[in-house]
Amino acid sequence: MKGGGIENPAFEAPGAVLSRQCYSDPPSTGAGAAAPAAPASGPGLEEGPCGWGPCNPRALQLCNNPEGYLAAYSLLAIFQGIVVNGLVNISISTIEKRYELNSSLTGLISASYDIAFCVLSLFVSYLGERGHKPRWLAFSAFMLGLGSLIFSLPHFSSGKYQYGGSKLEDTCQTAGTTFTNATCSASTNSSLHKYLYVFILGQLLLGVGGTPLYTLGTAFIDDSVPKHMSSLYIGIGYAMSLLGPAIGYVLGGQLLNIYIDIQMPKRQDTTYTKVDQDDPRWLGAWWIGFLACFFAVWLLIIPFSCFPKHLPGTAKIQAEKISETHDDGSQVLVQTNNIGQSFKDFPMALMILLRNPVLMSLIVASSSEALVATGFATFLPKFIENQFGKTSSFSATLGGLVLIPGAALGQVISGVLVSKCKMSCKGIIKFMISTCSVALILNTVFLFAKCGNEPFAGVSETYNGTGTLYNLIAPCNANCKCSRSMYYPVCGSDQVQYFSPCFAGCASYIGNNMKKTYHNCSCIGKAKREKGSEDFLSEAVPGKCPTQCKFLPVFLTFFFFAVVFTFMATTPTTVAILRCVPDKQRSFALGVQLVFLRLLGTIPGPILFGVAIDKSCTLWDINECEIKGACWVYDNERMAFSLMGISAACKIITIIFVVMAVYFYKPPPLTKALPRKTSEQISAICT
């Protein structure tokens with residue numbers, strides 16, 4: 001997931017690390033205190049009041065402290081998680097249907113955030129380290145709000161949602177009627193798919209806004225609090241970033257219960273039949289959450305713009321901090337002491353990390369895990385909706401209840417185990433092998449907790465032995481002049497699903513505008529559950545046939561624990577990376593991991609999952625102009641096997657590279673015997 005689960009490591013420019021090492025050690029006060037003294041106010045530590053220029057209200061000074069900044073940071077992290085990891089993911093299925101997009105294109109929409117983050121991460125971190133970090137976060141809030149607004153704009157410019165073609169009858173129209181079927185025209189050839197570029201633009205802006213939040217925002221916390229309190233403050237911020245997606249899934253799921261245009265078409269409009277949430281044509285109000293977040297996030301520009309460049313007391317805190325390498329002696333900085341002072345050092349610092357086999361093995365392993373996590377975060381609601389026959393809103397809620405708590409629980413459990421057991425670097429990597437292996441075993445849930453497709457005439461079975469598969473037209477409806485552009489499924493009394501009443505051969509109906517019962521259906525055979533009564537034969541009711549699959553609780557249970565064990569490798573991976581690189585390159589190593597994480601994981605993940613899901617489609621939405629839109633019906637078994645195959649392959653890749661990291665890792669010699677490390681010993685940690 002983007003945000004709390006995968007973006008937790010904050011990237012700091014190498015120059016920032018070097019600056020703190022050179023100016024953060026206290027003066028020598030006795031034996032063992034060999035660090036040089038630091039100036040009382042380090043270079044660029046511009047402390048000041050909270051306000052705007054000469055306007056510094058006394059009430060604002062109550063927030064001019066780490067606690068006040070953490071509150072603003074946490075709120076921004078929550079809203080970023082709500083939008084990027086919550087609302088976007090649960091809206092994917094609705095956006096596909098509304099704007100006639102396939103899963104491959106919506107996967108590209110999801111990946112656009114990571115593309116922007118990947119491109120800007122290193123540069124924003126490097127340049128922002130020397131700038132005014134709170135104002136960078138004000139810029140972050142502005143871009144996140146703007147991205148939310150842009151993402152919601154297609155709803156306001158695409159007109160009212162038309163789930164049924166104008167003047168199209170849903171019953172069988174024989175040759176004797178005056179009805180004329182719809183034909184292809186310029187107006188029929190929809191341009192809704194062009195809104196794809198608006199969604200991509202919105203995601204790119206959201207990526208621009210998220211970059212300072214998870215790099216400079218976290219670094220500002222580390223600069224402003226004592227060393228022993230840093231992990232607590234950062235941990236609270238990351239916990240809030242995990243809370244955001246949970247709120248987004250629940251809030252977005254409830255919004256999908258509201259009709260997309262708020263009000264249904266009026267009863268006087270005879271060209272439309274009212275739909276309810278069980279109707280596959282139902283679309284929820286996906287756009288409301290984005291519009292609300294736009295206003296809420298822009299309000300956060302105010303607090304971030306009033307914070308000073310450094311909080312009061314930062315200079316004193318920096319002076320009291322002792323460098324982690326202060327015991328290393330004069331030779332420890334031979335290789336890395338001068339790296340990061342200028343942009344010219346960037347290639348050299350990067351090459352040092354890229355030549356580290358342990359680091360690169362861990363990065364590839366974490367990228368493989370990120371590919372699976374992002375793919376399921378994007379398409380798990382869609383999988384539940386199609387596999388188990390649930391509504392979009394209910395599927396989104398279930399997806400959020402499985403993914404978010406599972407990810408949070410996995411990270412907390414692994415962090416506690418690593419800390420309590422005091423694992424060494426090699427022990428941490430071995431622990432990752434065990435968690436990934438268990439997650440691989442749990443992924444077999446797709447093999448036995450899958451659901452077959454319900455009978456669908458013309459798709460999965462013929463029309464009572466007539467017609468052919470994958471052809472909706474059969475002798476029983478050949479003269480009905482049915483339109484494939486209007487998907488209005490009905491369930492026949494024979495427990496077979498039909499594309500529409502017209503394709504079922506239904507000639508009449510009774511009932512009001514909301515609920516109908518179709519009669520005289522020439523394509524519907526004898527009811528499978530018929531008890532001798534002839535009155536209820538050859539009839540159909542709107543909606544899909546109820547699924548007979550009962551595996552949903554089993555699937556959710558196994559998949560929840562698969563998520564837990566998958567994310568149990570996230571925190572150990574970060575700790576192992578921090579321990580296997582030189583002290584002065586720790587933050588840069590996390591930044592390099594972030595870039596590879598997106599290039600190899602979160603960017604191709606949704607696209608790969610989307611392509612796999614599209615390959616399992618058995619019935620596409622095709623209008624009068626023969627233009628393919630979204631998919632209406634999927635082959636459930638093929639979808640389950642495809643997703644399990646991708647997940648299992650990535651898990652195997654992860655295990656292979658973690659085993660390689662154990663093989664390549666060499667601990668520093670004589671660690672226990674020597675209180676101080678030499679530069680050669682540090683470089684030997686991961687080489």
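Six disulfides are counted in this structure, which is a predicted model. The count of aromatic pairs comes to 29. The points below take up some of these contacts, along with charges placed over rings.

**Disulfides**

- Cys476 and Cys523 form a disulfide with sulfur atoms 2.0 Å apart, and at 105 degrees about the S-S bond this link is right-handed.
- The pair joins distant parts of the chain, 47 residues apart: Cys476 is in the loop between helix 15 (445-448) and strand 1 (490-492), and Cys523 is in the loop between strand 4 (516-521) and strand 5 (540-542).
- Cys476 is partly exposed at 22% relative accessibility, whereas Cys523 is buried at 2%.
- A disulfide also forms between Cys482 and Cys502, whose sulfur atoms are 2.0 Å apart; with -90 degrees about the S-S bond, the link is left-handed.
- In the disulfide of Cys506 and Cys521 the sulfur atoms are 1.9 Å apart, and the torsion about the S-S bond is about 100 degrees, so the link is right-handed.
- Because Cys506 lies in strand 3 and Cys521 in strand 4, the pair ties together parts 15 residues apart in sequence.
- Cys506 and Cys521 are both buried.

**Aromatic pairs**

- Tyr99 and Trp286 form an edge-to-face pair, 6.4 Å centre to centre with 85 degrees between the planes.
- This pair links distant parts of the chain, 187 residues apart: Tyr99 is in the loop between helix 2 (66-98) and helix 3 (103-128), and Trp286 is in the loop between helix 7 (227-255) and helix 8 (287-299).
- Tyr99 is buried, with a relative accessible area of 0%, and Trp286 is buried at 2%.
- Phe376 and Phe559 also form an edge-to-face pair, with centres 5.0 Å apart and 70 degrees between the planes.
- Phe376 belongs to helix 12 (residues 357-388) and Phe559 to helix 16 (residues 552-567), so the pair links parts of the chain 183 residues apart.
- Phe376 has a relative accessible area of 5% and is buried; Phe559 is buried at 4%.
- Ring pairs join Tyr99 and Trp286 with Phe151, Tyr195, Phe199 and Phe290 in a cluster.

**Charges over rings**

- Arg98 lies over the face of Tyr99, 5.3 Å from the ring centre.
- Arg598 lies over the face of Phe117, at 4.0 Å from the ring centre.

Note on methods. Residues are numbered from 1 along each chain as its sequence is written. This is a predicted model: local features need pLDDT of at least 70, side-chain atom pairs count only at pLDDT 80 or more; totals for chains, interfaces and linings use all residues. Side-chain values use heavy atoms; hydrogens and water are left out. Rings of Phe, Tyr and Trp (its six-membered ring) pair if their centres lie within 6.5 Å; planes under 30 degrees apart count as stacked, over 60 as edge-to-face and the rest as tilted. Helices (H or I, at least four residues) and strands (E, at least two) are DSSP runs, numbered from the N terminus. Buried means under 20% relative accessible area, exposed over 50%, partly exposed in between (1.4 Å probe, protein chains only). A charge sits over a ring if NZ of Lys or CZ of Arg is within 6 Å of the ring centre and within 35 degrees of the ring normal. A disulfide is a pair of cysteine sulfur atoms within 2.5 Å.
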